[in-house]
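Look at the structure shown below and keep the sequence beside it.

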Amino acid sequence: MPRRVLTEEQMRQWLLENVRVQDECRIWAGAVDSWGQPVVMWDGKTYKARRLLGRLLGLLTDTTHLSWTSCGDRRCLAPEHQRYGTMKEMCRAMKRRGVYVSGAHRSMLSAKGRAPNAKLPITERRTVLRLLSEGATHKEIAERYSVHFTAVNKALQSWERATGSAVDLGEIGR
Ligand SMILES: [Zn+2]
């Protein structure tokens, strides 16, 4: 039985449509790899969705180039948020925008991800996620950090915006 394989045009459409629109972003609704990077199967091969999109849109022409997003969400497939370039260019963009992408150094963690209240900085993110996974309530976590309990939710939201949640939730073994 012949297997139906998407044409390039159909694949490009799929990459743009299999998403959840969130503000200016198109958050991939398909599978992600262990780094939280969108992946897609095509003709029996697994592709990194953002790189494939770049190729299909003619934005990624140099295969040695890295990919990142201007919004900082690695799950985003909005064409206008895709960036491709050298490691040096990526680091410069990260520093300028203060966003974090997979593989970037921890010190690039963003100002954007920092809660307004510095008592719950993004460096506590992993601990907070672990506590939540162990069943701690926002109130209990707030008490531990001496913040108002609404600050916990605010911090979680800003961290998710800054980093996307998929990777770390995986790493803490949920
Ligand atoms: Zn985006």
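Asp-43 sits in the loop that links strand 3 (39-42) to strand 4 (45-48). The model is a predicted one, and in it Asp-43 has a positive phi of about 55° although it is not a glycine. Is Asp-43 buried or exposed? Asp-43 is exposed, because 9 other C-beta atoms lie within 10 Å, and a residue counts as exposed at 12 or fewer.

Ser-146 is found between helix 5 (138-145) and helix 6 (149-163). Ser-146 is not a glycine either, and its phi is positive, near 55°. Ser-146 has 10 C-beta neighbours inside 10 Å, so it counts as exposed.

Now take the protein as a whole. Seven helices and six strands make up its list of elements. Along the sequence they come in the pattern α-β-β-β-β-α-β-β-α-α-α-α-α. The protein has 174 residues, and 29% of them are buried. Of the contacts between residues at least 6 apart in sequence, 56% join residues at least 24 apart.

How many of the eight residues of helix 2 are buried? Six of them are, so helix 2 is largely enclosed by the rest of the structure. The buried ones are Ala-49, Arg-50, Arg-51, Leu-52, Leu-53 and Gly-54. What do these residues pack against? Their partners are helix 1, strand 2, strand 3, strand 4, strand 5 (66-69) and strand 6 (82-85). After helix 2 comes Gly-58, which has a positive phi near 75°.

One of these partners, helix 1, can be followed in detail. Helix 1 and helix 2 pack at an angle of about 130°, and their axes are 10 Å apart. That angle makes helix 1 oblique to helix 2. The crossing of helix 1 past helix 2 is left-handed. Helix 1 brings Glu-8, Met-11, Arg-12 and Leu-15 to the contact, while helix 2 brings Ala-49, Leu-52, Leu-53 and Leu-56. Sorted by type, the residues of this contact are six nonpolar, no polar and two charged.

Some of these names return in the largest nonpolar core, which has 13 residues. Those that touch the most other members are Leu-15, Ala-49, Leu-52, Leu-53, Cys-76 and Leu-77. Helix 2 gives the largest share, three residues. Apart from this core lies another, of nine residues, including Ile-122, Ile-141, Ala-142 and Val-152.

Cys-76 leads on to strand 2. Leaving aside neighbours within four places in sequence, Cys-76 is in contact with Cys-25, Arg-26, Ile-27, Thr-69, Cys-71 and His-81. Of these, Arg-26 lies in strand 2. Arg-26 and Cys-76 are 50 residues apart along the chain, but their C-alpha atoms are separated by 5.1 Å. Is Arg-26 buried or exposed? Arg-26 is buried, because 24 other C-beta atoms lie within 10 Å, and 20 or more are needed for that label. Not counting residues up to four places away in sequence, Arg-26 touches Leu-16, Val-19, Val-21, Cys-76, Leu-77 and Ala-78.

Methods. Residues are numbered from 1 along each chain as its sequence is written. This is a predicted model: local features need pLDDT of at least 70, side-chain atom pairs count only at pLDDT 80 or more; totals for chains, interfaces and linings use all residues. A nonpolar core is a set of buried Ala, Val, Leu, Ile, Met, Phe, Trp, Tyr and Cys residues joined through C-beta atoms within 7 Å. Helices (H or I, at least four residues) and strands (E, at least two) are DSSP runs, numbered from the N terminus. Two residues are in contact if their C-beta atoms, placed from the backbone, lie within 7 Å. Axes are lines fitted to C-alpha atoms, for helices over the stretch in contact, and angles run from 0 to 180 degrees between N-to-C directions. Angles under 35 degrees count as roughly parallel, over 145 as roughly antiparallel, 65 to 115 as roughly perpendicular and the rest as oblique. A crossing is left-handed if the near helix is turned anticlockwise from the far one by less than a right angle, and right-handed if clockwise. Ala, Val, Leu, Ile, Met, Phe, Trp, Tyr, Cys and Pro count as nonpolar, Asp, Glu, Lys and Arg as charged, and the others, Gly among them, as polar.
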